[in-house]
Amino acid sequence: MSLKVAVVGSGPAGFYTADALLKSEDPPVEVDVIDRLPTPWGLVRLGVAPDHENIKAVSRAFEKTAARPGFRFFGNVEVGSTVSHAELLAIYDAVVYTVGAQTDRRLGIPGEDLPGSWPATAFVAWYNGHPDFQDLDFDLDTERVVVIGNGNVAIDCARMLALTAGELAPTDTVDPAADAIASSPLREIIMLGRRGPVQAAFTPPELKELGELQDAEPVVDPHDLDLDAASKEALELDRDRARRNYELLQEYAAREPARKARRIVLRFLVSPVAILGEERVEAVEIVRNELVVENGRIVARPTGETKTIPCGLVLRSVGYQGVPLPGVPFDESRGVIPNTGGRVDGAERTYAAGWIKRGPSGVIGTNKKDATETVDLLLDDARTGRLSVEATESLETVLGRKGVHYVEYAGWQAIDAAERAAGEPRGRPRVKLVAWEELLRAGRPI
Ligand SMILES: Cc1cc2nc3c(=O)[nH]c(=O)nc-3n(C[C@H](O)[C@H](O)[C@H](O)COP(=O)(O)OP(=O)(O)OC[C@H]3O[C@@H](n4cnc5c(N)ncnc54)[C@H](O)[C@@H]3O)c2cc1C
Ligand SMILES: NC(=O)c1ccc[n+]([C@@H]2O[C@H](COP(=O)([O-])OP(=O)(O)OC[C@H]3O[C@@H](n4cnc5c(N)ncnc54)[C@H](OP(=O)(O)O)[C@@H]3O)[C@@H](O)[C@H]2O)c1
């Protein structure tokens, strides 16, 4: 008899988990991948920037997993509301959570919730067509935007804001976002890094792209590249990310202004202390930092020297954050499901992989090794007889009783085909369906 496993979440971690499980012969495994959305691929569809079509193409590997015998997809099924963890445990031998990090980390400063101050999570979901984020009113009628944070998501946001209509045209950016970006009077996008250039979390290929845009240019103040002793030492030891980033920043600092329409200003050693405005965002108050070594780590310490940057929009890009699921253990301080190598602590037959297992960092490929670790433990548990349940019902029966219209994999294929067909005459990879009703209609069995 096959082992029956539910994988909750159809992003990279979910698909790498499903793939590793479906390759098992001892025991053979059947996998149901469940997602709250009618569409699979998680952040590959709804996070990765639309102008990075080659990265989104990783979904082709996930399609191969979906074609394996024993795979099924259940879209429009939210675990925690549509079905509970306890219900899944009654149906499946094991449940693997790969639900990612569904919200944003907070800054905890005054003015954070003023209209016009947005988490990057929402901005990214808006331009990528996430059906829960299409009614948001991103007012880009401003000359200056401040992006807080120095990671790759901050770079994605800054770059997306800097694209021209011509650069946006061949992407699957949703129309309202592409129109708002292209027609904005935006002149300056300022990225704020709380530490120095050597500690920046973004990676060289992403930083390099900022120097290759059609009508926007990166701007770096050479004084921001003066290094303290600890950063100099860190740079000397680094052969990869920090060194290449630093070289690129030096190159940008030395460039003559090209007088392009938009400037992406990369600032370092500054933290936001307040977001200011009467009715909506009018400015960000920043403090200059210095770097100090604490417990072997280089950290930012405010100097007390403050300044105000006027702006009309703030994007807070300081990391994603996991959210708890009813009935599943949760570590509030780390925003993850507590686990040991993927086995969830204090919960029977329950596992985790991806961002909800280790926190919101790492690229798509990082989730493969992570999922493999979890699956190895799960299969060990199965072989030693720790996973077995007398299932009396199937997920379809439970969903049928509740009157839930779930989207099967064939339903997703119909959505995919409709989107691609709509994109073709416009020279775009797809035109996304972005409304829940549209998605559910297109994904309904014929
Ligand atoms: C903006 C952004 C851009 C990125 N760009 C790149 C890039 O260019 N290249 C790269 O290599 N990496 C990139 N990454 C990183 C990469 O996307 C992540 O490493 C990866 O998506 C994490 O995978 P995951 O499966 O853990 O989570 P996710 O991809 O977030 O998938 C989680 C899935 O779980 C579902 N879910 C959540 N809650 C429930 C529930 N209760 N019930 C059912 N389903 C649920 C969600 O709908 C989602 O489909 C980017 C990340 C972000 C945030
Ligand atoms: N193209 C790509 O490959 C791509 C694109 C997007 C995302 N990703 C990946 O997805 C993961 C998540 O990316 P991310 O950008 O969300 O996270 P991240 O890489 O962890 O970066 C978060 C940034 O926020 C800063 N920060 C945190 N708290 C702050 C505060 N209170 N005030 C000011 N700054 C603060 C951090 O600075 P400190 O370092 O000082 O903490 C860091 O610069 C990363 O692994 C990333 O590489 C990859």
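Is Arg-288 buried, partly exposed or exposed? With a relative accessible area of 25%, Arg-288 is partly exposed; buried means under 20%, exposed over 50%, and partly exposed in between, with a 1.4 Å probe and protein chains only.

This is a predicted model, in which local features need pLDDT of at least 70, side-chain atom pairs count only at pLDDT 80 or more, and totals for chains, interfaces and linings use all residues. Residues are numbered from 1 along each chain as its sequence is written, chains are lettered from A and ligands numbered from 1 in the order in which they are written, and side-chain values use heavy atoms, with hydrogens and water left out.

**First stop: salt bridges**

The term denotes a side-chain nitrogen of Lys or Arg within 4 Å of a carboxyl oxygen of Asp or Glu. Arg-288 belongs to strand E12 (residues 283-294), while Asp-224 sits in the loop between strand E9 (216-220) and helix H11 (229-237), 64 residues apart. Helices (H or I, at least four residues) and strands (E, at least two) are DSSP runs, numbered from the N terminus. Asp-224 is buried, at 9% relative accessibility.

Next, select Arg-45 and Glu-419, whose side chains meet in a salt bridge of 2.7 Å, N to O. Arg-45 lies in helix H2 (residues 43-46) and Glu-419 in helix H16 (residues 409-423), so this pair ties together parts that are 374 residues apart in sequence. Glu-419 is buried at 0% relative accessibility, and Arg-45 is buried at 6%.

**Second stop: ligand 2**

Select ligand 2 and the 20 residues that surround it, the closest being Asn-152, Arg-194, Arg-195, Glu-206 and Gly-362; a residue counts here if one of its heavy atoms lies within 4 Å. A polar side-chain atom of Arg-195 is 2.8 Å from an oxygen atom of the ligand. Helix H7 supplies the largest share of this shell, three residues. Now select H7 itself (residues 152-162): nine of its eleven residues are buried, so the helix is largely enclosed by the rest of the structure.

**Last stop: Thr-98**

Finally, select Thr-98, in the loop between strand E4 (94-97) and strand E5 (103-104). Thr-98 is buried, with a relative accessible area of 6%. Its side chain reaches the backbone oxygen of Gly-9 at 2.9 Å.

Conventions:
Polar contact = N/O pair within 3.5 Å; in protein donor to acceptor, adjacent residues only side chain to side chain.
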